[in-house]
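Student: Could you take me through this structure by setting each value against the definition behind it?

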Amino acid sequence: MFSHVMIGANDLEASKKFYDAILGVLGYEPGVFDEYGRVFYYTPKGILALTKPINGEAATHGNGTTLGLAARTPDIVDEWHKVGSENGGVPCEDPPGIRGNGERQLYLAYLRDPAGNKLCATHIVRK
């Protein structure tokens with residue numbers, strides 16, 4: 001559905017360290033800087049990018065916004081949460097675990113990145 005997602009960041013080096021760590025757990029390569037100082041994570045299905053806002057103002061998180069990242073197993077979700085917490089991420093919401101009931105269960109973990117953006121690693125639990 002999406003070609004790319006761009007996230008605002010105030011400290012691109014700190015944000016790159018965080019995203020390199022959490023995306024590495026999910027199997028992605030480290031981000032690369034472009035000629036404008038933005039960081040890009042290229043995948044066959046889309047692009048995640050980090051940038052300082054072009055209007056020169058501080059990057060702020062979106063209230064009510066969450067970027068969800070797919071994980072293949074609950075163990076990967078747990079590792080993502082651990083590694084993210086060790087690399088500048090701040091745990092938020094409940095600890096990693098199953099949410100939902102009946103047929104719709106997800107194994108989730110939440111972190112805020114160095115700029116305060118809310119992220120979630122998600123594994124769909126199959127019954």
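Tutor: Let us start with handedness: a crossing is left-handed if the near helix is turned anticlockwise from the far one by less than a right angle, and right-handed if clockwise. By that rule α1 passes α2 in a right-handed crossing, where helices are DSSP runs of H or I with at least four residues and strands are E runs with at least two, numbered from the N terminus. This is a predicted model, in which local features need pLDDT of at least 70 and side-chain atom pairs 80 or more, while totals for chains, interfaces and linings use all residues. Residues are numbered from 1 along each chain as its sequence is written, and side-chain values use heavy atoms, without hydrogens and water.

Student: Why is α1 called roughly antiparallel to α2?

Tutor: The axes of α1 (residues 12-25) and α2 (residues 74-86) come within 8 Å and cross at roughly 165 degrees. Because angles over 145 degrees count as roughly antiparallel, α1 is roughly antiparallel to α2.

Student: Which residues make the contact between α1 and α2?

Tutor: With contact meaning heavy atoms within 4.5 Å, F18, A21, I22 and V25 in α1 meet I76, E79, W80, V83 and G84 in α2. The residues of this contact divide into seven nonpolar, one polar and one charged; Asp, Glu, Lys and Arg count as charged, Ala, Val, Leu, Ile, Met, Phe, Trp, Tyr, Cys and Pro as nonpolar, and the others, Gly among them, as polar.

Student: What makes a space a pocket, and what volume does the largest pocket have?

Tutor: On a 1 Å grid over the protein atoms alone, a pocket is an open set of points where a 1.4 Å probe fits, with protein on both sides within 12 Å along at least five of seven lines, and lining residues have an atom within 4 Å of a point. The largest pocket holds about 560 Å³, and of its 18 lining residues Y28, T43, G46, I47 and L69 are the closest to its centre. Its lining has twelve nonpolar, five polar and one charged residues, and β5 gives the most, with four.

Student: How does the lining of the second largest pocket divide by class?

Tutor: That pocket, of about 170 Å³, is lined by four nonpolar, seven polar and one charged residues, and its largest share, four residues, comes from β1.

Definitions and conventions. Points joined across faces, edges and corners; volume = space filled by probe spheres on them. Axes fitted to C-alpha atoms, helices over the stretch in contact; angles between N-to-C directions. Parallel < 35°, antiparallel > 145°, perpendicular 65-115°, else oblique.
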